[in-house]
Amino acid sequence: SVMADTNNKNLLRYIKEDKGFEVDAHAHEATENYADVAYRISQLGVTPSDNIGGFTYNSTSGNATDWEIIQNPLTGRVNTSYTKRFTTLVLAGSANHLADDKTFGAWKPKSKSEFYTHDATKNLTFIGGGCDNVVTTTSNATDHIATITRISDGIKNGTYPKGNFYATNIMLNTRDYSADYITKVGQIIEGLKSRVDAKEIQWTFHSEKKTAWETIYESKSFQ
């Protein structure tokens with residue numbers, strides 16, 4: 001059975017408790033908002049992260065997420081007795097993913113109309129990284145590895161300025177999961193291992209990225 005494969009736990013508890021992942025809320029907000037999704041996560045026995053896990057970011061990106069109201073604690077649209085404070089925005093997308101953000105840095109966006117303007121007074125931090133390094137059923141592991149190593153090499157050779165905060169992502173879609181797909185993901189991980197061992201890159205959760213930006217890079221705005 002499925003539960004036997006996950007230590008007799010639901011999937012979210014398993015990936016959190018047994019595998020050490022964090023669980024972010026993601027909502028298209030047709031009915032439920034991000035607080036409602038966070039509430040559902042908590043009902044499954046997992047404390048949701050403080051991350052908005054994917055959103056449409058600006059006033060021209062089509063059906064833009066009203067993330068400006070999330071600068072303050074957000075109350076569920078359906079579960080009105082539940083309120084959640086979010087601190088971090090990640091994976092800034094757009095309608096049909098035609099104009100997704102591709103920055104590598106971090107800052108506090110001023111507004112939907114001035115997303116790339118840093119405003120230190122805002123509560124939400126955006127962690128860049130882009131949405132375009134997506135592992136699909138037809139993509140090549142070598143290409144995904146090259147996307148990451150190109151950034152790492154760029155920092156080393158001066159193409160990208162040193163001393164700044166750089167974050168990137170590799171996106172997986174659960175709808176594509178299969179034995180071959182998992183093998184491909186493993187190849188990507190193994191292909192980056194030498195860079196990880198050399199401390200040129202580091203696998204981190206979004207919350208850890210935010211902490212690093214605040215503590216190591218002193219919340220320096222960079223795009």
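**Entry 1: ground rules.** The model is predicted, so I kept to its limits: local features need pLDDT of at least 70, side-chain atom pairs count only at pLDDT 80 or more, and totals for chains, interfaces and linings use all residues. Residues are numbered from 1 along each chain as its sequence is written, and side-chain values use heavy atoms, with hydrogens and water left out.

**Entry 2: the sheet.** I looked up the strand order first. Four strands form an open sheet in the order S1-S4-S6-S5, with mixed pairing. I took strands as DSSP runs of E with at least two residues and helices as runs of H or I with at least four, numbered from the N terminus. Two strands pair if DSSP finds at least two bridges between them.

Which strands stand at the edges? They are S1 and S5, each with a single partner strand, so one side of each has no neighbour in the sheet.

I then went through the pairings. S1 pairs with strand S4 (residues 88-93) in the parallel sense, over five bridges. Ile 52 stands opposite Leu 89 in S4. S4 and S6 also pair in the parallel sense, over three bridges. The bridge partner of Thr 88 in S6 is Thr 125.

I checked burial for S4, where buried means under 20% relative accessible area, exposed over 50%, and partly exposed in between (1.4 Å probe, protein chains only). Six of the six residues of S4 are buried, so this strand is largely enclosed by the rest of the structure.

**Entry 3: aromatic rings.** I counted ring pairs next. There are 18 aromatic pairs in the structure. Rings of Phe, Tyr and Trp (its six-membered ring) pair if their centres lie within 6.5 Å; planes under 30 degrees apart count as stacked, over 60 as edge-to-face and the rest as tilted.

Why is the pair of Tyr 57 and Tyr 116 edge-to-face? Their planes stand at 75 degrees, with the ring centres 6.2 Å apart, so the pair falls in that class. Tyr 57 lies in the loop between strand S1 (51-56) and strand S2 (74-75), and Tyr 116 in the loop between strand S5 (106-107) and strand S6 (125-127), so the pair ties together parts 59 residues apart in sequence. I noted that Tyr 57 is buried at 6% relative accessible area, whereas Tyr 116 is partly exposed at 34%.

Tyr 116 also forms an edge-to-face pair with Phe 115, at 5.2 Å centre to centre and 90 degrees between the planes. Phe 115 is buried, with a relative accessible area of 3%. One aromatic cluster takes in Phe 55, Tyr 57, Trp 67, Trp 107, Phe 115, Tyr 116 and Phe 126.

I also found a charge over a ring (NZ of Lys or CZ of Arg within 6 Å of the ring centre and within 35 degrees of the ring normal). The charged end of Lys 84 sits over the ring of Phe 86, 5.8 Å from its centre.

**Entry 4: salt bridges.** I searched the whole structure and got 13 salt bridges. The criterion is a side-chain nitrogen of Lys or Arg within 4 Å of a carboxyl oxygen of Asp or Glu.

- Arg 13 bridges to Glu 17, with the closest N and O atoms 3.0 Å apart. Both lie in helix H2 (residues 11-18), four residues apart, about one turn of the helix. Arg 13 is partly exposed at 29%, and Glu 17 is partly exposed at 40%.
- Lys 156 bridges to Asp 153, with the closest N and O atoms 3.9 Å apart. They are three residues apart in helix H4 (residues 141-157), about one turn.
- Glu 214 bridges to Lys 210, with the closest N and O atoms 2.6 Å apart. Being four residues apart in helix H6 (residues 206-215), they are separated by about one helical turn. Glu 214 is partly exposed at 33%, but Lys 210 is buried at 13%.

I also noted a network of salt bridges linking Lys 9, Arg 13, Glu 17 and Asp 18.

**Entry 5: a nonpolar patch.** Leu 172, Tyr 177 and Ile 182 make a nonpolar surface patch of about 270 Å². Patches are made of residues with over 30% relative accessible area and no salt bridge: like charges are joined within 9 Å, nonpolar side chains (Val, Leu, Ile, Met, Phe, Trp, Tyr) within 5 Å. Accessible areas come from the Shrake-Rupley method with a 1.4 Å probe; for residues, only the protein chains shown count as cover. Leu 172 is found in strand S8 (residues 171-172) and is partly exposed at 34% relative accessibility.
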